[in-house]
Amino acid sequence: MQRKHYLLVMLACMTLPLHSQRLQQQLDKDWDFRFSHQVERGSSIRIAIPHTWNTQDALSGKIDYKRGIGNYERKLYIDPQWQGKRLFLRFEGVNSVADVFLNGKCLGEHRGGYSAFVFEITDRVNYGQTNTLLVRVSNAERLDVMPLVGDFNMYGGIYRDVHLIVTDPTCISLTDYASPGVYLTTKQIGKDRAEVAATVRISNQTDAREIILRAEVKDQNHIVCSEERQIELKAYEELSTNLLLNIRNPHLWNGRKDPFLYQTEFTLWAGGQLLDKVVQPLGLRTYRVDPEKGFILNGESLKLRGVCRHQDRAEIGNALLDEHHEEDVQIMLEMGANAVRLAHYQQAETMYDLTDKHGLITWAEIPFVGPGGYLDKGFVDLPEFRENGKEQLKELIRQNYNHPSICFWGLFNELKESGDNPTAYVEELNQLAHSEDSVRPTTAASNQNGQLNFITDCIAWNRYDGWYGGDPNQLAKFLDRTHRDHPELCIGISEYGAGASIYHQQDTLKQTVPVSYWHPENWQTYYHMANWKILNERPFVWGSFIWNLFDFGAAHRHEGDRNGINDKGLVTFDRKNKKDAFYFYKANWNPEPMLHLTGKRNHRSTTGKRDIMAFTNRKEVELLVNGQSIGKAIPDTYATVIWKNVALQPGKNEIQVRTTDRGKTLTDHAEIYVEKTKLTTEKLQKK
Ligand code: GCU
């Protein structure tokens, strides 16, 4: 054996213990990348996955960022001991079309940039040799892949993990739209007993054999229920089989209050030997949406206080590591959100694991996105496009079927009925979602009147009252009118938001022009305070989702403090700064003691007077200016205290807010400089 091969085998053995059944090797390193126009030998660069080629151009607001073809190539040594096993390549996400070649031969194409896909390579590899894997990735615009448009960047690349998976010839299927091969459906939940139907897809690529399928439901390491079935598999058969799991004294998955998860383990056995194992989460919950009472989880009303999340972030675009998803979820939890709309496309598996784990009610969706306020269209009536949308919907549902946090399948965002009218197609998607999943309701994000609003089980609207013109009261009017005219509709707010730069500070509260460069932070704060009150006062609104928790990349946007950013986030693109509006929600949604002084970045004053505002969920708060108490105040029902026209001295001012509750003191402070211009000093002296 050549030394290089020997080392590779050693490495493979370290990551793939040969005695275990399903082996998984992450193919993250040693990829060579080149664009398709770079045909000269040696033009590749060495990269690691996750990767996108658009971090420089798209993120700096280059409107025509590179949308073309990138080639990723790497060597793949195939252990001779794997002969007789089955080998698969699983891609977690490649944006947006991937053509995969092994040893120069095409394995197939996957269209859609957000879902996982799998190719079986058992008969396509050279065992005991180094094989060559090439993935030709395109993020070029095309009409046969959703989305056609969107207010976000279409970063090209293999931006999620890739795995080589080795199984026994008889395994739980990996190729059913890249699902886990196991589908758990809660049939009923009583006080003493819950009934869960499990459908398991088994794939046999060998002679007829007798196997045992065993299912176990575990609470930590304790088995709470197990079932076994003997199955006579025919040669080269694919089949689905059902098991009924009865769980005594069910412990419910109850959102953020108690996101309790069972683990389910499905194993295949032959002659006492373990052939394959798949582990899936199980959360037992019931829920429904009521047009009057809103969202009801396990029999109790739960107002969904949600945020929307795009997956990208500063510097790395969409090429995220697990720690980035974790950080995002921690920020949601800190704010006190109990729901999330993972917009506008299927997000990473890790994300849905985290929403399960932390009890965040989740809206998952396909990237069927209309143009919103921009030109172009989100739907073209071409068979290829229609087919692709259905495929992406099947992938979304099958891959994520077992996540208890997912309570809604989202079917579209801001489509228009003019031109190619998507109405009939959305009806088809709605039927498909129901045939794939008979339990979960469908929903959509609308921005206009029309038939489209009456197809899905629930409907929600994207509203920007007080940002794209208008004022927040229009939201109240819209909601009340729609509820009155259509009392049967389950109405939600899928988006509401306003842009803000942490660098844009003003003393006055002036509404700005969204497409301008001036995006003052205090307008965003005011916008959210006014909109949230309206939403909170209307129990029929089943959920509302802030657009957006994070600033995100939108190369075509030339506004705010930087090109290429949609700055409606409550947190900056790099996750380093939380804007004041974030703390308004934190004070209202998270019961942990908090106190936040707003306007801290507004360091300078020319008037010598300032309205000072703080958010707190404590009973009373005191303001001190330059060490002197200005008085104590009781927050209003929205956790807000405002001291009007507080006089400041020329030069530096030390502002402090302070609250003491049950012996614990919280403080927050800022420095404000009043310019010592003649005018200011004179003005102040006159007072
Ligand atoms: C739309 C759309 C979002 C977009 C947002 C905005 O309603 O759904 O994708 O980013 O509005 O204008 O910020």
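Two strands are taken to pair if DSSP finds at least two bridges between them. In this predicted model, an open sheet of 3 strands can be followed on that basis, with the order S23-S24-S25 and antiparallel pairing. Strands S23 (287-290) and S25 (300-301) stand at the edges with a single partner strand each, so one side of each is left without a neighbour in the sheet. Between S23 and S24 (residues 294-297), the antiparallel pairing runs over 4 bridges.

Helix H4 (residues 383-400) packs with helix H5 (residues 423-436) at an angle of about 30 degrees, and their axes are 10 Å apart. Angles under 35 degrees count as roughly parallel, and H4 and H5 are therefore roughly parallel to each other. Their crossing is right-handed. On the H4 side, the contact is formed by Phe385, Arg386, Gly389, Lys390, Leu393, Lys394, Ile397 and Arg398. These meet Tyr425, Glu428, Leu429, Leu432, Ala433 and Glu436 in H5. By class, the residues of this contact comprise 7 nonpolar, 1 polar and 6 charged.

On the scale of the whole chain, the domain assignment gives domain 1 (11-169), domain 2 (182-282), domain 3 (307-498 + 543-550 + 572-590) and domain 4 (604-674). Domain 1 and domain 3 have C-alpha centres that lie 28 Å apart. Their contact takes 25 residues from domain 1 and 42 residues from domain 3.

Notes
Residues numbered from 1 in each chain as written. Predicted model: local features only at pLDDT ≥ 70, side-chain atom pairs only at ≥ 80, totals over all residues. Heavy atoms only, no water. Axes fitted to C-alpha atoms, helices over the stretch in contact; angles between N-to-C directions. Helix = DSSP H or I, 4+ residues; strand = E, 2+ residues; numbered from the N terminus. Parallel < 35°, antiparallel > 145°, perpendicular 65-115°, else oblique. Left-handed = near helix turned anticlockwise from the far one by under 90°. Contact = heavy atoms within 4.5 Å. Nonpolar A, V, L, I, M, F, W, Y, C, P; charged D, E, K, R; others polar. Domains from an automatic or database assignment.
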